[in-house]
Amino acid sequence: MQIRRDHRYGKTHPRHRLDFYASASEFVDGEQPICLVFLHGGAWRTGDKSEYDALGMAFAERGFLVAIPNYRLSTE
């Protein structure tokens, strides 16, 4: 299992970061894995990508590349 955390996807806000989850073989086999992007709920007011490690790892173990981003909340 490989987890790569806090990749920036925007330039203006510190919450614009995402984590990638993949099985180790996904980067060795040379094939393109299917990418699943999971956006957490919270009515745009609460939540954090760190709450979903188990989800990212579960899908990665099944062969998916998983991206879980944070995003700017409405309270910010």
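**Figure 1. Asp19 and Arg5 form a salt bridge in this predicted model.** The closest N and O atoms of Asp19 and Arg5 are 3.2 Å apart. The pair links distant parts of the chain, with Asp19 in strand β2 and Arg5 in strand β1 (residues 2-8), 14 residues apart. Asp19 counts as buried because its relative accessibility is 1%, and buried means under 20%. Arg5 has a relative accessible area of 40%, so Arg5 is partly exposed.

**Figure 2. Asp6 and Lys49 meet through their side chains in a salt bridge.** The N to O distance is 2.8 Å. Asp6 is partly exposed at 43% relative accessibility, whereas Lys49 is buried at 7%.

**Figure 3. Arg15 and Asp48 are joined by a salt bridge between their side chains.** Here the N to O distance is 3.6 Å. Arg15 sits in the loop between β1 and β2, and Asp48 in the loop between β3 and α1, 33 residues apart. Arg15 is buried, with a relative accessible area of 15%. Elsewhere, salt bridges that share partners join Arg5, Asp6, Asp19, Lys49 and Asp53 into one network. The count of salt bridges in the model comes to five.

**Figure 4. His40 is located in the loop between β3 and α1.** His40 counts as buried because its relative accessibility is 4%. Leaving aside neighbours within four places in sequence, His40 is in contact with several residues, among them Arg15, Asp48 and Lys49. Other contacts of His40 include Thr46, Gly47, Tyr52, Pro69, Asn70 and Tyr71.

**Figure 5. Strand β4 (residues 65-69) is mostly covered.** Five of the five residues in β4 are buried. Leu65, Ala67 and Pro69 are on one side of the strand, Val66 and Ile68 are on the other, and both faces are covered.

**Figure 6. Strand β4 pairs with β2 and with β3.** Strand β2 (residues 17-22) runs antiparallel to β4, and four bridges join the two. Within this pairing, Leu18 stands opposite Pro69 in β4. Strand β3 (residues 35-37) runs parallel to β4 and is joined to β4 by three bridges. Leu36 has Val66 as its bridge partner in β4. Together, β3, helix α1 (residues 53-61) and β4 make a right-handed β-α-β unit.

Notes. Residues are numbered from 1 along each chain as its sequence is written. This is a predicted model: local features need pLDDT of at least 70, side-chain atom pairs count only at pLDDT 80 or more; totals for chains, interfaces and linings use all residues. Side-chain values use heavy atoms; hydrogens and water are left out. Buried means under 20% relative accessible area, exposed over 50%, partly exposed in between (1.4 Å probe, protein chains only). Two strands pair if DSSP finds at least two bridges between them. A crossover is right-handed if, with the strands pointing away from the viewer, the path from the first strand over the helix to the second runs clockwise. Contact means heavy atoms within 4.5 Å. A salt bridge is a side-chain nitrogen of Lys or Arg within 4 Å of a carboxyl oxygen of Asp or Glu.
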